[in-house]
Amino acid sequence: MKKTVLITGGTGLVGKSLSQLLVNKGYQVSILSRRPKKETEEIRYFQWDVEKGIIDDSFMDSVDFIIHLAGENVAQSRWTTTRKRQILESRTRSTQLLHQVLSQKKHRVQAFISSSATGYYGTTNSSKIFKESDPVGNDFLASVCSDWEAAVDEVKKLEIRTVKLRTGVVLAKEKSALQKMLPPFRIGLGAALGGGKQYFSWIHIEDLCRLYLNAIEQTSLEGSFNAVAGDAITNDMLGSEIAKKIRRPYFMPNLPSFLFYFLFGEMAVILLKGSRVSADKIKKEGFVFKYNTLEKALDNLLE
Ligand SMILES: NC(=O)c1ccc[n+]([C@@H]2O[C@H](COP(=O)([O-])OP(=O)(O)OC[C@H]3O[C@@H](n4cnc5c(N)ncnc54)[C@H](OP(=O)(O)O)[C@@H]3O)[C@@H](O)[C@H]2O)c1
């Protein structure tokens, strides 16, 4: 019988690719969404409303694995107080809602695999290489990741295997950070942002989806893992590599930081700061990245 994977936020960038990979690998996929789509032969939908604490838990007796991706997009709009609350609670309250169902209903869930982000370490702009054993940072995204992971740790107390993938910037062909960066590069006006020396920890979407699959199938995996390619590059190196791949000049002066703070407020840290993050722990578990260098990733994504 097919194993069933429930994906929260399965309608997003990562969720769509992951659903396809899981279907291709012979899994039955269910998606928990605020706006369920029409069911297909391959994918079933269930509804929840995290803010109101409502969840259709009829999926529970048929699910073998839960992959928790749901969360308000951190780069969608300025971080007002309300927006910050939404970013945090869409992750923590959603996890608590799943915990509530798992603790109250009969189920057969074998593993709970949750997204987290490299933002856990805080944005430092130092050359320190962050490992999973490093402490949480002290900015907004770090506290979101910390609270989110703490909520996942409550699920672990129900004796369910938990894995947390501290994900770097996901590079993909569609709707990803890379696609947002491309327009100025295409007209030869690409430039580094701010100081340009900030680290950019990234992962190719295909490798990220393979990592989720791996977290399902490698039953010895447990705890936090950085989900980054481990290729240490700076924002300036990224710009230069993109320009080279699409055969455009790269000569513009860096765009000043104040411009981004003016446009985006505190959210500008996503662009202007970054941390260098190690992939060693997951590699030691035997995971082999298909795209371990930016060059390979861009060859595939910008072909
Ligand atoms: N993309 C990246 O570069 C990146 C980097 C690091 C970490 N991550 C993390 O990886 C996860 C997936 O990323 P993604 O790029 O696929 O995100 P995405 O495209 O923004 O999709 C996230 C999904 O979460 C659901 N969602 C959004 N707000 C919600 C809310 N208030 N309550 C319940 N569900 C909500 C939505 O599904 P419905 O509309 O169907 O409900 C949405 O499709 C996210 O948690 C993100 O923080 C992503």
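This is a predicted model: local features need pLDDT of at least 70, side-chain atom pairs count only at pLDDT 80 or more; totals for chains, interfaces and linings use all residues.
Local features were considered at pLDDT of at least 70 and side-chain atom pairs at pLDDT 80 or more, whereas totals for chains, interfaces and linings use all residues. Residues are numbered from 1 along each chain as its sequence is written, and side-chain values use heavy atoms, with hydrogens and water left out.

The secondary structure of the protein comprises 10 helices and 14 strands (DSSP runs, H or I of at least four residues for helices and E of at least two for strands, numbered from the N terminus). Of the 303 residues, 50% are buried, that is, under 20% relative accessible area with a 1.4 Å probe and protein chains only. Among contacts (heavy atoms within 4.5 Å) with a separation of 6 or more, 76% join residues 24 or more positions apart.

The shell around the ligand holds 24 residues, of which Thr11, Val14, Ser33, Leu69 and Arg91 come nearest, a residue being near if one of its heavy atoms lies within 4 Å. Strand S6 (111-117) is one of the elements giving two or more residues to this shell, and its 3 residues are the largest share. Polar contacts (pairs of N or O atoms within 3.5 Å) with oxygen atoms of the ligand involve a backbone N or O atom of Leu69 at 2.8 Å, a polar side-chain atom of Arg34 at 2.9 Å and a polar backbone atom of Gly12 at 3.2 Å.

Methods:
A polar contact is a pair of N or O atoms within 3.5 Å; within protein, one must be able to donate a hydrogen and the other to accept it, and residues adjacent in sequence count only if both atoms are side-chain atoms.
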